[in-house]
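Please look at the sequence and the structure together before reading on.

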Amino acid sequence: MEEAVPPASATVVIRAGSATYPFTLASGQLGRIGTWREAVGNARTVAVITSRPVAALFPGALRTIAETGARRVVLEVPDGEDAKTLQVVGRCYQVLAQARFTRSDLVVALGGGTVTDLAGFVASTWKRGARLVHAPTTLLALVDAAVGGKTGINLPSGKNLAGTFYQPERVLADDTVLTSLPVRELRSGLAEVIKCGFIADPAILDLLPDPARAQAQRYLRLIELSVRAKAQLLSDDVTDRGLRRHLNYGHTAGQAIETASGFTLRHGEAVALGMVYAARLCELLTGARGVTADTQDALHRVGLPTRLQAAVSFEQMWDLMQQDKKVSPGRPSFVLSPRRGTATLACMPQREIARAAFDDVLRPERR
Ligand SMILES: NC(=O)c1ccc[n+]([C@@H]2O[C@H](COP(=O)([O-])OP(=O)(O)OC[C@H]3O[C@@H](n4cnc5c(N)ncnc54)[C@H](O)[C@@H]3O)[C@@H](O)[C@H]2O)c1
Ligand SMILES: O=C(O)C(=O)C[C@@H](O)[C@H](O)[C@H](O)COP(=O)(O)O
Ligand SMILES: [Zn+2]
């Protein structure tokens with residue numbers, strides 16, 4: 001049985017500095033001609049960036065884009081993190097060049113966060129800026145990656161080390177995409193939802209779903225609350241110099257762990273571990289109590305990992321953390337959340353404290 005949860009409103013207006021655009025949350029809209037007519041506008045060519053598995057899941061969306069009358073070009077990129085490389089960016093540019101793609105043509109990102117990160121980068125750099133619409137198909141992309149205009153490409157030396165800030169014209173959020181999403185991917189998205197609960201809106205933490213059950217109303221509500229929380233933090237800090245950094249909670253350690261695991265961990269799983277780590281650091285640095293237990297409890301409720309299983313050493317994590325793009329010596333860059341709904345910035349911890357926190361909460365337990 002579905003619990004009675006207040007219905008989500010249809011549109012969240014995202015204000016990102018001088019840009020304003022709608023995040024429309026409407027079940028089934030990716031298959032509607034009206035949605036796409038409005039999104040395509042007067043573009044002559046629509047380049048849909050997607051991956052093969054995602055394209056196979058959403059033939060209706062692809063067909064409907066073609067029915068708008070615009071010429072449709074489908075760029076199938078590798079699935080998952082393999083899409084976020086300079087090589088794939090180069091291949092996208094080649095296809096756009098062959099299609100004589102102009103700045104008034106439209107790039108549509110149809111997929112998860114890897115696709116929105118890649119497509120955003122391609123659109124922002126193609127002729128210094130083509131039109132862009134996001135059609136997120138994972139929970140993680142719905143609540144996070146499709147909003148706020150961060151684009152990212154991975155380099156051998158680290159995750160998201162090349163990127164731009166480039167806002168889409170609109171985000172077409174259709175919660176029915178969740179019906180085909182594997183539970184592991186749902187959980188991964190819930191890590192970013194839980195992050196918003198800790199740094200901004202504690203009400204989120206009282207609404208956490210059971211990922212093994214269908215709870216459509218609850219997801220609608222969580223999508224809306226998470227997007228509102230994100231929008232609030234980035235509205236006056238699009239370029240990540242101040243408040244927006246709170247959205248990086250769990251990411252300094254998390255993205256280091258994600259990279260060190262060779263991307264065997266999903267982004268959200270790594271962020272979950274990063275939040276546990278940040279919680280323990282918070283206790284060690286500030287004397288706060290109960291932060292780790294509260295974090296572990298929220299993550300356990302949705303079945304996310306709270307301790308490393310993969311072989312990632314402290315040294316690997318520590319080295320990669322130093323290369324995080326927001327780290328600069330002596331300046332606060334590590335996000336802590338001492339209490340539900342709040343976040344602060346601290347300097348990178350000293351190595352001994354960083355190691356102690358790792359040993360306390362992340363190091364795989366000996367069997
Ligand atoms: N730019 C940002 O603000 C931001 C925010 C958060 C995360 N990210 C980035 O997002 C990426 C992770 O995104 P993700 O978790 O969506 O991963 P993803 O894009 O790799 O998608 C995960 C998997 O789900 C599959 N999939 C997609 N939609 C599906 C559907 N509806 N049904 C069934 N399967 C489906 C894909 O084929 C893929 O294998 C990371 O690279 C991360 O760095 C960016
Ligand atoms: O939008 C933001 O700002 C975020 O930090 C959201 C994160 O969830 C996301 O993973 C982002 O891509 C991480 O950014 P990075 O600057 O650490 O690469
Ligand atoms: Zn993230």
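Two strands are said to pair if DSSP finds at least two bridges between them, and the strands (E, at least two residues) and helices (H or I, at least four residues) are themselves DSSP runs, numbered from the N terminus. The model is predicted, and for that reason local features need pLDDT of at least 70 and side-chain atom pairs count only at pLDDT 80 or more, while totals for chains, interfaces and linings use all residues. Residues are numbered from 1 along each chain as its sequence is written, and chains are lettered from A and ligands numbered from 1 in the order in which they are written.

**The sheet**

Seven strands form an open sheet with mixed pairing, in the order β1-β2-β9-β6-β5-β3-β4. Its edge strands, each of which pairs on one side only, are β1 (11-16) and β4 (71-77). From one strand to the next the twist averages 20°, where axes are lines fitted to C-alpha atoms, for helices over the stretch in contact, and angles run from 0 to 180 degrees between N-to-C directions.

| Strand pair | Sense | Bridges |
|---|---|---|
| β5 and β6 | parallel | six |
| β3 and β5 | parallel | four |
| β6 and β9 | parallel | two |

Individual residues show how these strands line up: Leu-106 stands opposite Arg-131 in β6, Ala-47 has Val-107 in β5 as its bridge partner, and Val-133 stands opposite Arg-170 in β9.

A residue is called buried if 20 or more other C-beta atoms lie within 10 Å of its own, exposed if 12 or fewer do, and partly exposed in between, with C-beta atoms placed from the backbone. Six of the six residues of β5 are buried, so this strand is largely enclosed by the rest of the structure. Leu-106, Val-108 and Leu-110 point one way from β5, whereas Val-107, Ala-109 and Gly-111 point the other way.

**Helices around the sheet and a buried helix**

Helix α1 (residues 33-40) lies across β3 (45-51), β5 (106-111), β6 and β9, and runs at about 165° to β9. Helix α4 (residues 86-98) also packs on the sheet, where it touches β3 and β4, and its direction makes about 160° with that of β4. Contact here means that the C-beta atoms of two residues, placed from the backbone, lie within 7 Å.

Ten of the ten residues of helix α9 (residues 251-260) are buried, so this helix too is largely enclosed by the rest of the structure. Its buried residues pack against β8 (158-162), α10 (267-286), α12 (314-322) and β10 (334-336). After α9 comes Gly-262, whose phi is positive, near 65°.

**The ligand shell**

Around ligand 1 there are 32 residues, and the closest are Gly-112, Gly-113, Thr-114, Thr-137 and Thr-138; a residue counts as near a molecule if its C-beta atom, placed from the backbone, lies within 6 Å of it. The elements that give two or more residues to this shell are α2 (52-57), α5 (113-125), α6 (139-145) and α7 (183-199).

Over residues 75-187 the chain is 34% helix and 24% strand, whereas over residues 189-327 it is 58% helix and 0% strand.
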